[in-house]
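User: Please go through this model with me, one question at a time. I would like each answer to end on the value or name I ask for.

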Amino acid sequence: MKWTNDRSGNVDDRRGAGGGGGMLVGGGLGTLIIAAIIFFLGGDPSAILSSGMSNSGAQTEQRNLTPNEIKVREFVQMITAENEQTWAKIFRENGMQYRPAKVVMFEAVTQSGCGTAQAAMGPFYCPADQTVYMDMSFFKELEQRFGAKVTEFSIAYVMAHEMGHHVQTLLGTTQKVDQLRRSGKYSEKEMNRVSVATELQADFYAGLWAKQTDNREKFLEPGDIESAISAAEAVGDDNIQKRSQGYVNQEGFTHGSSAQRKEWFMKGYNTGDIRQGDTFNALLK
Ligand SMILES: [Zn+2]
């Protein structure tokens, strides 16, 4: 992908600040599964974020960021700016006003409006403070453990997916899903299907964002869409289950299969039309 000239002021880079450090103890399979779950978590992640994952208490040293880390911050500022511009336009065209999300870049551990965010959880969106939390070390994991080739555009896709959850919060979808969950009227199996619809809609929004941003900025290059699809497929539930438990159990899906994730991202990209993204009607009938 080509870099654009836009940079957002809504990015808070907490890397290198020192102090609140602490690496997750253990790691291994559990961490991998939790990372995958949180990576594409819809709704309110506080339950998982504060579910007693232990912290070694090791402090991170305050340090200067490397030139490469500073470049990564600039990249995140750019993708944030392009999300702000594209979504402001889509909202305006539909008679609504867009409010930008905040973005926090962190390493090791940081506080979020949804509880303590630990490294190895991967990027997530917290509706309570309308902030996208970007654990940049996750992309190494995506490559090494999930077998996805990480490109600049696959990072942009992941950010756009999280921004898609912000759109769901602005449109009231997150709140409706929370109401369903809290009502206690639905079985775990039924709520898993709601969760899949929520995640696939965020993928649809990511595809829509890619298309509409490309219309304005002409930033896509050959191979970019394929790299986003490869990242989406790598974190499909079936792929994660196969890698972690060796078999696929569809009822346990909470994020959608690899094929579904690809399908809805491409539907957003090919239609460029927000009205085509009703995954709830499409999947829950
Ligand atoms: Zn998600």
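The questions and answers below go from the whole chain to single residues.

User: What kind of model is this, and how are residues numbered?

Analyst: This is a predicted model, in which local features need pLDDT of at least 70, side-chain atom pairs count only at pLDDT 80 or more, and totals for chains, interfaces and linings use all residues. Residues are numbered along each chain as its sequence is written, from 1.

User: How many helices and strands does the chain have?

Analyst: Helices (H or I, at least four residues) and strands (E, at least two) are DSSP runs, numbered from the N terminus. On that basis the chain has 11 helices and six strands.

User: What percentage of the residues of the chain count as buried?

Analyst: A residue is buried if 20 or more other C-beta atoms lie within 10 Å of its own, exposed if 12 or fewer, and partly exposed in between, with C-beta atoms placed from the backbone. The chain has 285 residues, and the buried share is 42%.

User: Among contacts between residues at least 6 apart in sequence, what percentage join residues at least 24 apart?

Analyst: Two residues are in contact if their C-beta atoms, placed from the backbone, lie within 7 Å. Among the contacts you name, the share is 78%.

User: In what order do the strands of the open sheet stand?

Analyst: Two strands pair if DSSP finds at least two bridges between them. Strands S1 (11-13) and S5 (124-126) are at the edges with a single partner strand each, so one side of each lacks a neighbour in the sheet. The pairing in this four-strand sheet is mixed, and the order is S1-S2-S6-S5.

User: Which residue of S6 stands opposite Val 103?

Analyst: S2 (residues 102-106) runs parallel to S1, with three bridges between them, and Val 103 of S2 stands opposite Val 11. S2 also runs parallel to S6, through five bridges. Four of the five residues of S2 are buried, so S2 is largely enclosed by the rest of the structure. In S6, the residue opposite Val 103 is Val 132.

User: Which residue of S4 stands opposite Gln 111?

Analyst: Strands S3 (residues 109-112) and S4 (residues 115-118) run antiparallel and are joined by four bridges. A hairpin of two residues links S3 to S4. Opposite Gln 111 stands Thr 116.

User: At what angle do H7 and H10 pack?

Analyst: Axes are lines fitted to C-alpha atoms, for helices over the stretch in contact, and angles run from 0 to 180 degrees between N-to-C directions. H7 covers residues 188-217 and H10 covers residues 258-271, and their axes are 6 Å apart. The angle is about 40°.

User: How do the residues of the contact of H7 with H10 divide into nonpolar, polar and charged?

Analyst: The contact includes Leu 200, Phe 204 and Lys 211 of H7, and Arg 261, Trp 264 and Phe 265 of H10. Ala, Val, Leu, Ile, Met, Phe, Trp, Tyr, Cys and Pro count as nonpolar, Asp, Glu, Lys and Arg as charged, and the others, Gly among them, as polar. The division is 10 nonpolar, three polar and four charged.

User: Which residues on the other side of H6 are exposed?

Analyst: In H6 (residues 173-183), Thr 173, Thr 174 and Val 177 are buried. They cover an arc of only 100° around the axis, taken from the directions from the helix axis to the C-beta atoms, so they are on the same side of H6. What covers these buried residues includes H5 (152-170) and H7. Exposed on the other side of H6 are Gln 179, Arg 182 and Ser 183.

User: Is Gly 122 buried or exposed?

Analyst: Gly 122 is in the loop between S4 and S5. Its C-alpha is 9.2 Å from that of Leu 142, which is 20 residues away in sequence. Because 26 other C-beta atoms lie within 10 Å, Gly 122 is buried.

User: What is the phi of Lys 218?

Analyst: Most residues other than glycine have a negative phi. Lys 218 lies in the loop between H7 and H8 (224-234), and is exposed because 10 other C-beta atoms lie within 10 Å. Although not a glycine, Lys 218 has a positive phi of about 50°.
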